[in-house]
Amino acid sequence: MIEQLLPASVVTEAAYDDAVAPGEGLFPAEAELISRAVDKRRREFTTVRHLARRGLARLGRPAAPILPNRRGAPQWPEGVIGSMTHCVGYRGAALAPAGTTAGLGIDAEPDGPLPDGVLQVVTLESERARLAGLAAVRPDLHWERLLFSAKESVFKVWYPLMLRELDFSEAEIVVDPHDGTFTARLLVPGPVVAGREVPAFTGRWGAGNGLVVTAIHLPGQPAAADPGPSGAAPPRAVREGEGTGAAAG
């Protein structure tokens, strides 16, 4: 699914389960990080790094440890921009060479309601006001969960560029329910890329197989308009049962 939301220049790897045994193939520093973790954490951590290293190989890069920083953001090898995501039943990684890509953010979430009280914390009043209109277009989709996923993707692009937190209230998400896109307007000064401040991120979303997924690709330098995956136009929302999957973390 994630691969349908990103341009062809981005390498994606995905899995719907943990085919790799917990700890298998990890570098010593990675294995140490999860040595006392519960089984679920060990499994998702191992699988998503296995996928990330498959992506590095496709970019012609050697395998390397991918360790989280103090905020939990994965630290990629020099010259690589990447993002990872994992949730129940889904693991994925997206990678691209630095330069033409300045930022990547991917997120997958179960297509279900947010826990009680979370919606008020993660959304703006303006975003909540649009939920009814979104539900009228597609009542089967949990749009509040998609908003949360989009904000997670925004943060994954933002943090490596700015090295500071971005509050949920500092980006306003506007989702187009018809063409599978969304815009994240930054309500604070944005990152400077290729000499210009970026006031907003644009992304794509999809849904299917019990999941909602979002992805943002931030170009690193002025170029022709992003043609979308394999040169295609931005996809419409993926219908249930469509899509082939990717993972988080």
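Student: Is Asp107 buried or exposed?

Tutor: This is a predicted model, in which local features need pLDDT of at least 70 and side-chain atom pairs count only at pLDDT 80 or more, while totals for chains, interfaces and linings use all residues. Residues are numbered from 1 along each chain as its sequence is written, and side-chain values use heavy atoms, leaving out hydrogens and water. Asp107 lies in strand β6 (residues 101-110), where strands (E, at least two residues) and helices (H or I, at least four) are DSSP runs numbered from the N terminus. Buried means under 20% relative accessible area, exposed over 50% and partly exposed in between (1.4 Å probe, protein chains only), so Asp107, with a relative accessible area of 3%, is buried.

Student: Which residue does the side chain of Asp107 join through a polar contact of 2.9 Å?

Tutor: Beyond its neighbours within four places in sequence, Asp107 is in contact (heavy atoms within 4.5 Å) with residues including Thr85, Ser149, Glu152, Lys156 and Val213. A polar contact is a pair of N or O atoms within 3.5 Å, of which, within protein, one must be able to donate a hydrogen and the other to accept it, and residues adjacent in sequence count only if both atoms are side-chain atoms. The partner joined to the side chain of Asp107 at 2.9 Å is Ser149.

Student: Why is the pair of Tyr16 and Tyr90 classed as it is?

Tutor: Rings of Phe, Tyr and Trp (its six-membered ring) pair if their centres lie within 6.5 Å, with planes under 30 degrees apart counted as stacked, over 60 as edge-to-face and the rest as tilted; the whole structure has four such aromatic pairs. The ring centres of Tyr16 and Tyr90 are 5.5 Å apart and their planes stand at 50°, so the pair is tilted.

Student: Which of its members is partly exposed?

Tutor: The pair links parts of the chain 74 residues apart, with Tyr16 in the loop between β1 (11-15) and α1 (28-33) and Tyr90 in strand β5 (residues 90-97). Tyr90 has 0% relative accessibility and therefore counts as buried. At 31%, the partly exposed residue is Tyr16.

Student: How many residues apart in sequence are the parts tied together by Trp143 and Trp205?

Tutor: The rings of Trp143 and Trp205 have their centres 5.2 Å apart and their planes at 75°, so this pair is edge-to-face. Trp143 counts as buried at 2% relative accessibility, and Trp205 is buried at 0%. Since Trp143 belongs to helix α5 (residues 143-162) and Trp205 to strand β11 (residues 200-208), the separation of the parts in sequence is 62 residues.

Student: On which residue is the kink in helix α4 centred?

Tutor: The buried residues of α4 are Glu127, Leu131 and Leu134, and these pack against α3 (118-122), α5 and β7 (171-176). The bend at a residue is the angle between axes fitted to the seven residues ending there and the seven starting there. In α4 (residues 125-137), the kink of about 30° is centred on Leu131.

Student: What is the phi of Leu163 near?

Tutor: Leu163 is placed in the loop between α5 and β7, and it counts as exposed at 57% relative accessibility. Although Leu163 is a residue other than glycine, its phi is positive, near 55°.

Student: Over which residues does pLDDT stay under 50?

Tutor: The protein chain averages a pLDDT (the predictor's confidence in each residue, from 0 to 100) of 89, and 89% of the residues score at least 70. The stretch under 50, for which the model has 95 contacts beyond four places in sequence, is residues 223-249.
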